[in-house]
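Here are my notes on the model you sent, written as numbered points. Please read them with the structure open beside you.

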Amino acid sequence: MTRTFRGLLLAAGLLATAGAAQAAPSLDIPAAVRIADYFATLTFSSTQSQETATPFSATGGAGTIGFTGSLTTGTPCYDVTGSLGQRSRRVTVTVTAQGTGGICAQVITHNNYQGTVSDLAAGTYDFRIVHVVNGSSSTAYTQQVTVS
């Protein structure tokens with residue numbers, strides 16, 4: 001359903017741009033690029049380690065930002081998920097650790113993760129990783145990343 005909605009918006013943007021060329025001056029940025037800016041996608045995975053935390057990094061590529069990091073918890077009994085937020089040239093990946101409840105061993109656990117934000121237009125982005133543990137959030141990492 002999301003892809004269908006995206007396709008409809010893209011088609012509407014292209015039609016609007018074509019019509020605007022005949023009726024009024026067009027904008028500096030084509031409508032298709034502006035629409036694509038709001039439909040980035042996230043691929044995210046995580047693993048647990050009691051020994052090693054993955055260092056934070058973010059690298060720009062062709063339409064993408066690849067990233068790594070680690071969220072440390074006091075037990076291994078957490079589900080870790082990632083979500084994406086984008087507003088213009090600010091991309092925020094929120095990594096959420098939610099306790100699973102019940103009895104759990106008290107062992108420092110590094111929830112190491114990696115991911116890719118794709119379908120980005122070329123340009124420089126303010127990239128942020130925010131950690132949320134049991135509802136409490138903090139900014140874990142920020143970097144300017146250039147996407148080609």
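1. A salt bridge, as the term is used here, is a side-chain nitrogen of Lys or Arg within 4 Å of a carboxyl oxygen of Asp or Glu. Side chains of opposite charge can pair when their charged atoms come close. The model is a predicted one, and a search of the whole structure finds 2 salt bridges.

2. Overall make-up. The chain contains 2 helices and 8 strands. Read from the N terminus, the order of elements is α-α-β-β-β-β-β-β-β-β. The chain has 148 residues, and buried residues make up 32% of them. Among contacts with a separation of 6 or more, 72% are between residues 24 or more positions apart.

3. Strands β2 and β3 run antiparallel and are joined by 4 bridges. As for a particular pair, G60 has I65 in β3 as its bridge partner.

4. Another open sheet. Here 4 strands follow the order β4-β5-β7-β8, and the pairing is mixed. At the edges stand β4 (78-87) and β8 (136-147); each has a single partner strand, so one side of each is left without a neighbour in the sheet. The twist from one strand to the next averages 20 degrees. Strands β5 (residues 90-99) and β7 (residues 123-133) run parallel and are joined by 8 bridges.

5. R90 has a relative accessible area of 39% and is partly exposed. D126 has a relative accessibility of 16%, so it counts as buried, since buried means under 20% relative accessible area.

6. The other salt bridge. R128 also forms a salt bridge with D126, and the closest N and O atoms are 3.2 Å apart. R128 has 23% relative accessibility, so it counts as partly exposed. Taken together, R90, D126 and R128 are linked in a network of salt bridges.

7. In soluble globular proteins, nonpolar side chains tend to be buried together. The largest nonpolar core of this model has 21 residues, of which I65, V117, L120 and F127 touch the most other members. At least two residues of this core come from each of β3 (65-73), β4, β5, β6, β7 and β8. The largest share, 4 residues, is supplied by β5. Where can I65 be seen making contacts? Leaving aside neighbours within four places in sequence, I65 is in contact with residues including A58, G115, V117, L120, F127 and V145.

8. N111 is found in strand β6 (residues 109-118). Is N111 buried or exposed? Its relative accessibility is 2%, so N111 counts as buried. The side chain of N111 makes a polar contact with the side chain of T73, at 3.1 Å. Not counting residues up to four places away in sequence, N111 touches T47, Q48, G69, S70, L71, T73 and V80.

9. A histidine in β7. H131 lies in strand β7. With a relative accessible area of 9%, H131 is buried. The side chain of H131 makes a polar contact with the side chain of Y113, at 2.7 Å. Leaving aside neighbours within four places in sequence, H131 is in contact with several residues, among them F56, S70, L71, V95, Y113 and A140.

How values were computed
Residues numbered from 1 in each chain as written. Predicted model: local features only at pLDDT ≥ 70, side-chain atom pairs only at ≥ 80, totals over all residues. Heavy atoms only, no water. Buried < 20%, exposed > 50% of the residue type's maximum accessible area, 1.4 Å probe, protein only. Polar contact = N/O pair within 3.5 Å; in protein donor to acceptor, adjacent residues only side chain to side chain. Contact = heavy atoms within 4.5 Å. Pairing = 2+ DSSP bridges. Axes fitted to C-alpha atoms, helices over the stretch in contact; angles between N-to-C directions. Core = buried A, V, L, I, M, F, W, Y, C linked by side-chain atoms within 4.5 Å.
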